[in-house]
Amino acid sequence: MAGKIKAIRGMRDILPPETGRWQAVENAAREAFALYGYRELRLPLIERTELFARSIGADTDIVSKEMYTFPDRHGDSLTLRPEATASVLRAVLENRLDQGAGVKKLYTLGPMFRYERPQKGRYRQFHQINCEALGSDAPELDAEVILLLMEILKRVQLGTSRLLVNSLGCPECQKKFKEGLSLFLSQKQGLCEDCLRRRVTNPLRVLDCKSVHCKEILKDAPVLKDYLCPDCAVHYARVLSLLSRFGVTYEEQPRLVRGLDYYSRTAFEVVAVGLGAQDAVAGGGRYNGLAQELGGPELPAIGFAIGEDRLLEVLPPELGQEKNRKIFLAALGPAARDQAFSLLQTLRREGVPGEMDFGERSLKAQMSLADRLGAAYTVILGDRELETGKATLRRMATGDQQEVSLSLLPMVLAGL
Ligand code: AMP
């Protein structure tokens with residue numbers, strides 16, 4: 001016998017009833033996006049490798065170690081997207097969505113792929129809710145984007161969490177900071193091999209090294225905030241003051257840099273209590289220079305990504321559970337089955353979810369099927385019921401039964 005084929009390591013099936021919780025999160029996000037004026041984009045999962053290499057940064061973990069990259073049949077190098085922002089910008093520039101006045105507000109939902117070591121809260125195919133606002137460098141937009149993120153997290157009842165904020169400054173501030181950091185690092189012994197390289201190629205990346213030893217060294221490293229130019233400092237202060245005005249609690253996290261090279265100015269992350277090592281449920285920031293990096297015009301922008309897999313791990317189990325109104329129609333004999341089939345369609349027209357079995361199973365078998373399908377009520381219809389014009393309605397949770405006239409049945413069931 002041939003062996004069974006299993007899903008690829010780090011990739012998983014998300015099955016019912018768990019999918020109901022995912023829908024609840026996505027619906028809440030869609031409602032909040034609409035409230036803030038965002039519209040949805042649906043993008044390809046595969047892009048040219050160059051798009052990510054150019055935008056995320058060659059020296060990031062994502063690009064150097066984690067991308068699913070392969071040649072297509074033509075020999076072109078393609079990559080399963082490891083994140084959405086680069087694709088969103090590609091689509092915006094390609095379709096000229098950046099034209100016209102005002103901030104362009106876009107969101108997209110879907111899977112991302114990174115070849116990371118799978119562990120709790122870390123998958124090789126994971127899912128993000130992405131928000132991107134393009135066309136303004138105003139600090140009000142930074143505040144609004146963070147408020148929107150917090151609105152979504154509130155709507156899905158995320159428990160205790162912390163919002164961490166930092167400013168990465170503009171390229172000028174970053175240049176000076178990198179010099180300072182580089183100098184600091186050159187005086188330190190014992191950096192890991194990756195960091196020894198990054199110290200020269202891209203010192204900012206040393207700040208998100210996972211090695212315990214490197215982290216220890218970094219405790220005394222210079223911080224970006226001390227290198228901000230006056231404009232960046234004012235921008236950052238304004239973002240923070242707006243957050244305070246709207247009652248958003250934040251913590252300044254001077255070493256927060258995020259794992260992608262394209263960020264400038266505001267960077268933020270939400271970490272949830274109770275998630276262990278992989279505790280970031282959302283992260284984002286400004287990426288003012290990215291459009292130009294991709295051959296486009298100057299297009300200041302800011303966005304965030306919510307990690308749905310992780311978020312769902314900390315949300316209440318009852319999320320997305322609506323009142324169960326499902327009806328199962330247990331029919332015995334051809335005439336009753338025929339009648340039940342019509343009733344089923346009537347119920348659905350009334351918006352009442354219903355199911356029946358098309359086989360010829362016994363009442364006992366049908367009742368156990370009703371249980372398995374999670375029906376709230378079962379209607380029993382047989383020859384006797386057709387004769388008397390009354391069906392038996394059984395409440396599954398308690399086993400209580402009552403007789404209901406067939407003519408009133410649709411109305412009664414619709415009102416349950
Ligand atoms: P990033 O795109 O790296 O800024 O990540 C944004 C969010 O996506 C993180 O805060 C996580 O919640 C989530 N995320 C990133 N990588 C993974 C992964 N491998 N598995 C599950 N969630 C992830």
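1. A backbone N or O atom of Y123 lies 2.8 Å from a nitrogen atom of the ligand, which counts as a polar contact, defined as a pair of N or O atoms within 3.5 Å. The protein covers 92% of the 480 Å² of accessible area that the ligand has on its own, areas being computed by the Shrake-Rupley method with a 1.4 Å probe.

2. This is a predicted model, in which local features need pLDDT of at least 70 and side-chain atom pairs count only at pLDDT 80 or more, while totals for chains, interfaces and linings use all residues. Residues are numbered from 1 along each chain as its sequence is written, and side-chain values use heavy atoms, with hydrogens and water left out.

3. The ligand is surrounded by 14 residues, of which R114, E116, Y123, R258 and A280 are the closest; a residue is counted if one of its heavy atoms lies within 4 Å. Strand 10 gives the largest share of this shell, three residues, where strands are DSSP runs (E, at least two residues) numbered from the N terminus.

4. By class, the shell around the ligand divides into six nonpolar, three polar and five charged residues, with Tyr and Ala among those counted as nonpolar, and Glu and Arg among the charged.

Key:
Polar contact = N/O pair within 3.5 Å; in protein donor to acceptor, adjacent residues only side chain to side chain. Helix = DSSP H or I, 4+ residues; strand = E, 2+ residues; numbered from the N terminus.
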